[in-house]
Amino acid sequence: MLSYIASYLVMASIYGIIALALNFQWGFSGLMNFGIGASYMLGAYSAALLSSAPTAEHLGGFGVPFPLDLVGAAIIPGFIAFLIGFPALKLKGGPFAIATLAIHEIIYLIVHNEMWLTNGVWGIRDISRPLYSQMPQQYDFFYLLIAGGMLIGFYFFFQKAVRSPWGRVIRGIKVDEDMALMSGKYAWSYKMQSFVLGSAIAGIAGGLFVHYTGFVSPTNFTPLMATFIVWLMVMVGGSGNNRGVLVGTFFVWGVWTGSEFLTDFFPGSMETRAGFMRMFLMGIILLIVIITRPQGIFGKEKIIPKYLRSE
Amino acid sequence: MLLEIEKANKRFGGIQAVRDCSFGVEKGSITGLIGPNGAGKTTLFNLVTGFHPLDSGRVYFKGEDITELPPNEIFHKGLFRTFQIVRGYEDMTVLESLLIMPTQQLGENFWNIWTKGSKIEEQEKKFTKKAIEVLEFFEMADRKEELARNLPGGEKKLLDLGRMMMADPELVLLDEPGAGVPPSLQQKVNNYIKRISDDKNVTFFVVEHDMNVIMNLCDPIIVVVEGTNLTSGSPEEIKSNQEVIEAYLGEEERV
């Protein structure tokens with residue numbers, strides 16, 4: 001049971017990092033990125049391929065060890081976001097969301113079909129699990145230190161970033177881009193920075209994921225598991241509020257993993273259907289939040305400059 | 001002339017919004033721009049500040065051609081504008097919406113946040129002090145932690161002016177300073193505009209639909225009708241100009 005809780009916390013921490021990244025893009029910068037899952041996926045595959053031993057099944061043999069390959073897991077999705085940003089950031093709001101959703105689908109199909117690169121649906125096996133041989137029994141607890149530590153680190157990273165003058169400009173652009181332009185801020189550059197930064201950090205979460213499971217395949221990155229559930233975490237917690245998003249993440253991931261238990265109680269023929277009921281449950285949570293508390297549990301945070309208090 | 005517009009033309013689909021429009025704004029003046037609804041006043045502002053490209057014509061600011069520049073670069077030349085509907089950082093506190101304004105902020109660079117913390121803090125303290133002074137000028141110091149959206153209409157206009165004072169521009173384009181302001185407060189807003197114009201040597205260029213607001217604020221006044229400049233002159237001249245009266249009455253007849 002304890003190790004079950006640890007494994008829940010590890011996955012929640014990984015999702016927490018993606019949710020923080022998405023919250024930065026959407027909650028603070030106003031970029032409706034429906035392609036966050038693509039960055040997560042790219043990060044996961046980057047780490048898997050960079051760290052894998054030479055094999056005929058897919059690209060590999062670069063021999064970049066953990067945690068150095070996490071740098072690659074950040075740079076590759078970040079750079080791809082940079083390229084995507086040129087056409088996509090010409091759009092705003094809904095059209096931007098549709099564009100990123102389409103890009104998510106394209107990247108998913110590439111990973112799914114390019115056998116030489118990713119081994120397609122068979123996925124990548126035997127990804128190194130750092131120090132696994134030393135403690136196979138307590139591995140979940142050990143990995144929780146890594147993933148949880150990174151989550152806490154990124155939480156403080158984003159808290160500092162959004163409160164800085166840089167974050168202030170980003171938040172200003174979200175509220176009113178014309179106004180920000182007329183305040184001399186080069187809005188496009190800030191939106192690009194936000195898009196790249198969020199995508200890179202979602203990529204790091206992907207890297208953490210593959211080193212935890214030791215295996216990765218496209219099925220880990222369905223629209224539900226890579227994008228929709230992250231959006232749900234952000235919306236439940238309250239977009240524009242990092243603390244709220246962490247609570248939203250642990251809540252949503254708790255419901256998702258907890259409902260897996262419930263499906264065990266169903267008789268055999270019902271069990272497969274119960275899987276779909278879990279997805280249905282996620283949709284219901286989204287509806288409840290949108291109808292009863294559209295700002296999320298915590299709502300938007302009112303940021304007061306710290307220099308004001310010292311006076 | 002601080003600002004000069006030369007034969008500006010702008011067409012939106014089938015509508016010629018601005019037609020061969022030419023005029024100038026004198027340094028140190030509070031110049032008004034009036035015209036009936038749909039005369040192209042706000043379009044002219046958008047052309048000057050780079051939000052819409054011109055079809056033809058040129059815009060000069062301090063003798064420099066700014067026709068092709070985007071809004072953020074025009075701002076850095078010393079030209080600021082407000083918007084008709086008070087927008088501007090509604091989700092931010094009053095103080096933050098002022099702190100966003102200063103140029104040359106070290107902390108606006110992502111890397112500097114992590115490497116130049118103490119210098120940024122120094123700058124922030126300096127700007128915060130300035131922002132509090134600006135709020136005190138407008139007698140709004142107690143509002144500093146309020147969200148900008150919660151301010152009443154008149155104070156939102158004052159916040160607009162406050163943002164302007166944080167940036168120290170040479171020319172300010174005010175888009176309808178009377179919109180959304182209760183008449184009782186309008187005189188107060190006008191007085192602030194006049195004071196800033198005198199004390200800080202800021203030139204104002206004001207678009208306004210409401211004749212009363214503009215008559216006791218601006219001199220000279222430029223009249224635009226159907227996208228082109230009809231005439232210009234002092235408030236008295238404009239009031240007694242037959243063409244102007246017809247343009248306004250004509251509009252009322254259509255309504």
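Modeller: Before we start, pLDDT is the predictor's confidence in each residue, from 0 to 100. It applies here because this is a predicted model.

Colleague: Which element of chain A has the lowest mean pLDDT, and which the highest?

Modeller: Chain A averages a pLDDT of 91, and 98% of its residues score at least 70. Helix H13 of chain A, residues 306-309, has the lowest mean, 63. Where pLDDT is low, the predicted coordinates should not be read in detail. At the other end, with a mean of 97, is helix H9 of chain A, residues 187-213.

Colleague: How are H1(A) and H10(A) oriented to each other?

Modeller: The axes of helix H1 (residues 2-28) of chain A and H10(A) are 9 Å apart, at an angle of about 70°. Angles of 65 to 115 degrees count as roughly perpendicular. H1(A) and H10(A) are therefore roughly perpendicular.

Colleague: What is the orientation of H2(A) to H10(A)?

Modeller: Helix H2 (residues 36-51) of chain A packs on helix H10 (residues 223-237) of chain A with the axes 8 Å apart and an angle of about 130°. Because of that angle, H2(A) relative to H10(A) is oblique.

Colleague: Which handedness does the crossing of H2(A) and H10(A) have?

Modeller: In this pair, A:Ile36, A:Gly37, A:Tyr40 and A:Met41 of H2(A) meet A:Pro223, A:Ala226, A:Thr227 and A:Val230 of H10(A). The crossing of H2(A) and H10(A) is right-handed.

Colleague: Is A:Pro65 buried or exposed?

Modeller: A:Pro65 sits in the loop between H2 and helix H3 (68-88) of chain A. A:Pro65 has 10 C-beta neighbours inside 10 Å, so A:Pro65 counts as exposed.

Colleague: Which element gives the largest share of the side of chain B that touches chain A?

Modeller: The contact takes 27 residues from chain A and 35 residues from chain B. Elements giving two or more residues to the chain B side include helix H3 (94-99), helix H4 (110-115) and helix H5 (117-137) of chain B. The largest share, 5 residues, comes from H5(B).

Terms used: Residues numbered from 1 in each chain as written. Chains lettered and ligands numbered in written order. Predicted model: local features only at pLDDT ≥ 70, side-chain atom pairs only at ≥ 80, totals over all residues. Contact = placed C-beta atoms within 7 Å. Helix = DSSP H or I, 4+ residues; strand = E, 2+ residues; numbered from the N terminus. Axes fitted to C-alpha atoms, helices over the stretch in contact; angles between N-to-C directions. Parallel < 35°, antiparallel > 145°, perpendicular 65-115°, else oblique. Left-handed = near helix turned anticlockwise from the far one by under 90°. Buried ≥ 20, exposed ≤ 12 C-beta atoms within 10 Å, placed from the backbone.
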